[in-house]
Amino acid sequence: MKTAPIKRDIIVIGASAGGVPILKNLCRALPADLPAVIGIVLHRGPWYGGNVSDIYGKPGCIAVQEGKAGDQLEQGTVYFAPSDHHLLFGTSFVHLSRGPKVHFARPAINQLFFSAARTFHTRVAGLLLTGANQDGAHGLAAIKKHGGATFCTETGGSGLSNHAAQRPSGGCASRGLRPCVARRGHRLSGRPSHHGRTSLRMWRSSSGGELQHGGHYP
């Protein structure tokens, strides 16, 4: 008897500066009506500027914004951690913290992953694209402990400085990921992709299953 798929509608992603090109492609490939909330921590200094919606967003695609304290968590939205603040997910709202740096980082990947795991348990999918000073390792472990799905990139697959490839959690990632090209017929969140351009990337698990953004994960 087949078990019902687990709904994973809270997606949290961590990356160092090397992950910028992948995050751009990812945000510009996701539909505006994606049935999921996405949080992203990108390591960046307190001096970092730039409008994330201009950098990562695209008209007609998923909404992209910098998280602000009190923002309501809404499906079809990507929340980026602002410079020099930890991004935290509460039950319904975004929280920000200027607490101590974690692994020399603020914002820290671990802090977002911890908050999502504690709040949403099995609904969480955590993806570590790249990390620095092992930031993200304990966060992946927390997501896995609470029943969520965890993924990290494989060595050499993305061309990035990939600390995640060290298996940051000591095995806390359920799957390694390799980048694959989204062509016509691949699916995003259970809907056909109409882009058909080889510049758009999805992620496929090393076990062969697709990571369908915002959909149901095995």
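User: What makes Ile13 a residue that touches others, and which residues does Ile13 touch beyond four places in sequence?
Analyst: Contact means heavy atoms within 4.5 Å, and, not counting residues up to four places away in sequence, Ile13 touches Leu23, Leu26, Ile38, Gly39, Ile40, Val41, Leu112, Phe113, Leu127 and Leu129. This is a predicted model, in which local features need pLDDT of at least 70 and side-chain atom pairs count only at pLDDT 80 or more, whereas totals for chains, interfaces and linings use all residues. Residues are numbered from 1 along each chain as its sequence is written, and side-chain values use heavy atoms, with hydrogens and water left out.

User: Why is Ile143 called buried?
Analyst: Buried means under 20% relative accessible area, exposed over 50% and partly exposed in between, with a 1.4 Å probe and protein chains only; Ile143 has 0% relative accessibility and therefore counts as buried. Among the contacts of Ile143, leaving aside neighbours within four places in sequence, are Val12, Phe113, Ala117 and Val124.

User: Why are α3 and α4 described as roughly parallel?
Analyst: Helix α3 (residues 109–120) and helix α4 (residues 137–145) pack at an angle of about 10°, with their axes 8 Å apart. Angles under 35 degrees count as roughly parallel, over 145 as roughly antiparallel, 65 to 115 as roughly perpendicular and the rest as oblique, so α3 is roughly parallel to α4. Residues making this contact include Phe113 and Ala117 of α3 and Leu140 and Ile143 of α4.

Key. Axes are lines fitted to C-alpha atoms, for helices over the stretch in contact, and angles run from 0 to 180 degrees between N-to-C directions. Helices (H or I, at least four residues) and strands (E, at least two) are DSSP runs, numbered from the N terminus.
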